[in-house]
Amino acid sequence: MATAISPGVSRLSTGALARAGGVSVDAIRFYEREGLLAPAERTSGDHRRYPPEALDRLAFIRVGQHLGLRLEEIKELADACEQVPDCPVNHTVELLRGRIANVERQMEELVGLRDRLVHVVEQMESHRGGGHLSPDTVLPASGTENAR
């Protein structure tokens, strides 16, 4: 449950926060539902109002996304950074190293996909002059075709 807004404290509406942060209003609401943004305070008319610090948190979320982090990883880091004066560097490095390993696995998978595509194109080009090209020739059932 959100608290009432204190008089004299400048707050951002959902739209203002979204514009300032370069995201959609739906993204703001989603981040709040998922716990990435603290629940907004409410006006007497039940409109959301965010503190200026929410813009910093939103920037942190966007940087994490640009680094390819999952939202739960971003939340974990952001929460940890709010609990201590300096963000916990060891934890952050460990999380980012895990992400690097994940990216390297994805790159290997993509190289394999590229090799399979090249193999298929080569098979198809060798049959351009005519003749029947069976699916087994192009995509062997074993999935272990020798690409190059």
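**Entry 1: a first residue**

Does serine 13 count as buried, partly exposed or exposed? I looked it up: serine 13 has 22% relative accessibility, so it counts as partly exposed. For my own reference, buried means under 20% relative accessible area, exposed means over 50%, and partly exposed lies in between, with a 1.4 Å probe and protein chains only.

Before going on, I noted that this is a predicted model, where local features need pLDDT of at least 70, side-chain atom pairs count only at pLDDT 80 or more, and totals for chains, interfaces and linings use all residues. Residues are numbered from 1 along each chain as its sequence is written, and side-chain values use heavy atoms, with hydrogens and water left out.

Serine 13 lies in strand β1. Leaving aside neighbours within four places in sequence, I found serine 13 in contact (heavy atoms within 4.5 Å) with Arg48, Arg49 and Tyr50. Serine 13 and tyrosine 50 are 37 residues apart along the chain, yet their C-alpha atoms are separated by 6.3 Å.

**Entry 2: the whole chain**

I counted elements next, and the protein chain has 6 helices and 3 strands. Here helices (H or I, at least four residues) and strands (E, at least two) are DSSP runs, numbered from the N terminus. In order from the N terminus, I read β-α-α-β-β-α-α-α-α. The chain has 148 residues, of which 23% count as buried. I also checked contacts between residues at least 6 apart in sequence: 51% of them join residues at least 24 apart.

**Entry 3: helix α1**

Which residues of α1 are buried? I listed Thr14, Gly15, Leu17, Ala18 and Gly21. They cover an arc of only 165° around the axis, so they sit on the same side of α1. The arc is that of the directions from the helix axis to the C-beta atoms. These buried residues pack against β1 (12-13), α2 (25-33), β3 (48-50) and α3.

I zoomed in on threonine 14, which is found in helix α1. Threonine 14 counts as buried because its relative accessibility is 9%. Not counting residues up to four places away in sequence, threonine 14 touches Val25, Ile28, Arg48 and Tyr50.

After α1 comes glycine 22, with a positive phi near 70°.

**Entry 4: two helix pairs**

How do α1 and α3 pack? Helix α1 (residues 14-21) and helix α3 (residues 53-66) pack at an angle of about 45°, and their axes are 10 Å apart. That makes α1 oblique to α3. I kept the rules handy: axes are lines fitted to C-alpha atoms, for helices over the stretch in contact, and angles run from 0 to 180 degrees between N-to-C directions. Angles under 35 degrees count as roughly parallel, over 145 as roughly antiparallel, 65 to 115 as roughly perpendicular, and the rest as oblique.

The crossing of α1 and α3 is right-handed. A crossing is right-handed if the near helix is turned clockwise from the far one by less than a right angle, and left-handed if anticlockwise. The contact is made by Leu17, Ala20 and Gly21 of α1 with Ala54, Leu55, Leu58 and Arg62 of α3.

Then I turned to helix α4 (residues 71-83) and helix α5 (residues 89-125), whose axes come within 11 Å and cross at roughly 165°. α4 and α5 are therefore roughly antiparallel to each other. Their crossing is left-handed. I noted Glu73, Glu76 and Leu77 of α4 and His91, Thr92, Leu95 and Arg99 of α5 as the residues making the contact.

**Entry 5: a phi to remember**

Where does aspartate 46 lie? I found aspartate 46 in the loop between β2 (41-42) and β3. Aspartate 46 has a positive phi of about 70° although it is not a glycine. Most residues other than glycine have a negative phi.
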